[in-house]
Amino acid sequence: MTVSLLRGGCQLLSSPLAQIKMPKTRLSSKALPPSEPNPDFESSSGVSVPGVRVFVRKKRAKKAVQVSVNELKAESLDHKLGGLPDIEDFAYGTGNRSSQLTGTSITSVNVSSAESKAAPPIRSKAEPPSNWEKVLEGIRKMRLSEDAPVDTMGCEKAGTSLPPKERRFAVLASSLLSSQTKDNVTHGAIQRLLQNDLLTPDAIDNTDEATIKSLIYPVGFYPKKACNLKKIANICLTKYDGDIPSTLEELLLLPGIGPKMAHLVMNVGWENVQGICVDTHVHRICNRLGWVSRRGTKQKTSSPEETRESLQLWLPKEEWVPINPLLVGFGQTVCTPLRPRCGICTVSDLCPSAFKETPSPSSKAKKSDRNKKR
């Protein structure tokens, strides 16, 4: 049988009926019973075509997609909560920070801002670098010969004459203001707050933000820090009876407080050592000395938090507190960010980075051109 399609339907051109062959498709077929006529395939003579197969599309079963709680939690950890990044993020040059709260664990299913500041799991102990004790002793001797700003104006010195409770708040406030700010500027801001009796949670909570801005200026990001300082003061009053949080997790929940600040406050304010306070000076110097490396590689660490994690794997715990002011002062006087003074450094022979950070030839040429124009 041959079937020709016309506007009026199908027309039979020959009398022998043959089974219609269809191309292979993904469609399933279902034969109609011969006894039941198919109105859609009827010849001009009114004779139904038997054995015509009707093709039906199979419905695909929907695959259920399951997302585990851990996957959601891991994804949320990659994004800092609360919109804008903390002030401390600008110092690190990162939008997200990963760090481990040493000696603590967070098991809540709800992702808090403290968890968003947390880091990879603690690793096992590592072998210390060679000659590290000799290098550390050499740095100590160099620090004795020259005072650094951190020795008299660092966050550790804030509120030393105040009672313990008030001093803890002074250390917390000083840590908040210190990010992206030199020690002498932070010290001046703390002194102005102290002179105006505004270095307690109650006093700051009752003072307008504009006044606080004027007193802490010119610390870096002073408008944001003034806002955070008032928020912290209110939290200390409502949740901690005018004191500051006593755990690392709770400190990290405070606005503007990052891991470096939280560890410093725990070490100094509560005398509870849970980790090393690593700022940009400690981060830079430890990498220059080859004391730290990224996990599973020999590459330099990319952030202070990676440096802290790597350094804590081998540095004895009794050195965790003194290492910060020691290396900060060394970074302020000798191992400076730009043009380190390797010529006067007594441990340069043990430093793999000694005399390597020098101006490039192009920068020297530009400087020479500028001098000629003058």
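A residue is called buried when its relative accessible area is under 20%, and exposed when that area is over 50%. The legends below use these words for a predicted model.

Figure 1. Helix 15 is mostly covered, with nine of its 11 residues buried. The buried residues are Ile323, Asn324, Leu326, Leu327, Val328, Gly329, Phe330, Gly331 and Thr333. Which helices are included in what covers the buried residues of helix 15? The cover includes helix 4 (132-145), helix 5 (149-153) and helix 13.

**Figure 2. The packing of helix 13 against helix 15.** Two packed helices are described by the angle between their axes and by the distance between those axes. For helix 13 and helix 15 (residues 323-333), the angle is about 80° and the axes are 8 Å apart. Helix 13 is therefore roughly perpendicular to helix 15, a term used for angles of 65 to 115 degrees. On the side of helix 13, the residues that meet helix 15 are His281, Val282, Arg284, Ile285 and Cys286. On the side of helix 15, they meet Asn324, Leu327, Val328, Phe330, Gly331 and Gln332. Sorted by class, this contact has six nonpolar, four polar and one charged residues.

**Figure 3. The largest cavity.** The chain has three cavities of 30 Å³ or more. The largest cavity holds about 160 Å³ of space. It is lined by 16 residues, and the closest to its centre are Cys335, Pro340, Cys342, Cys345 and Cys351. Which helix gives the most residues to the lining of the largest cavity? Helix 13 (residues 280-289) does, with three residues. The lining of the largest cavity divides into 11 nonpolar, two polar and three charged residues.

**Figure 4. Helix 14, a buried helix.** Helix 14 (residues 304-311) is largely enclosed by the rest of the structure, because eight of its eight residues are buried. These residues are Pro304, Glu305, Glu306, Thr307, Arg308, Glu309, Ser310 and Leu311.

Figure 5. Leu264 lies in helix 12 (residues 259-269). Is Leu264 buried or exposed? Its relative accessibility is 8%, so Leu264 counts as buried. Apart from neighbours within four places in sequence, Leu264 is in contact with Cys155, Glu156, Val171, Ser175, Gly269 and Cys277. The C-alpha atom of Leu264 is 7.8 Å from that of Ile276, a residue 12 places away along the chain.

Figure 6. The peptide bond from Tyr217 to Pro218 is cis, and its omega is near 15°. Pro218 is found in the loop between helix 9 (209-216) and helix 10 (222-240).

Figure 7. Asp241 has a phi near 55°, which is a positive value in a residue other than glycine. Asp241 sits in the loop between helix 10 and helix 11 (248-252). With 64% relative accessibility, Asp241 counts as exposed. Glu271 also has a positive phi without being glycine, with a value near 50°. The loop that holds Glu271 runs between helix 12 and helix 13. Glu271 counts as exposed, with 72% relative accessibility.

**Figure 8. The chain as a whole.** The chain contains 16 helices and four strands. Of its 374 residues, 41% are buried. Among contacts between residues at least 6 apart in sequence, 61% join residues at least 24 apart.

Methods:
Residues are numbered from 1 along each chain as its sequence is written. This is a predicted model: local features need pLDDT of at least 70, side-chain atom pairs count only at pLDDT 80 or more; totals for chains, interfaces and linings use all residues. Side-chain values use heavy atoms; hydrogens and water are left out. On a 1 Å grid over the protein atoms alone, a cavity is a set of points where a 1.4 Å probe fits but cannot get out, and a pocket is an open set with protein on both sides within 12 Å along at least five of seven lines; lining residues have an atom within 4 Å of a point. Grid points are joined across faces, edges and corners, and a volume is the space filled by probe spheres set on the points. Helices (H or I, at least four residues) and strands (E, at least two) are DSSP runs, numbered from the N terminus. Ala, Val, Leu, Ile, Met, Phe, Trp, Tyr, Cys and Pro count as nonpolar, Asp, Glu, Lys and Arg as charged, and the others, Gly among them, as polar. Axes are lines fitted to C-alpha atoms, for helices over the stretch in contact, and angles run from 0 to 180 degrees between N-to-C directions. Angles under 35 degrees count as roughly parallel, over 145 as roughly antiparallel, 65 to 115 as roughly perpendicular and the rest as oblique. Contact means heavy atoms within 4.5 Å. Buried means under 20% relative accessible area, exposed over 50%, partly exposed in between (1.4 Å probe, protein chains only).
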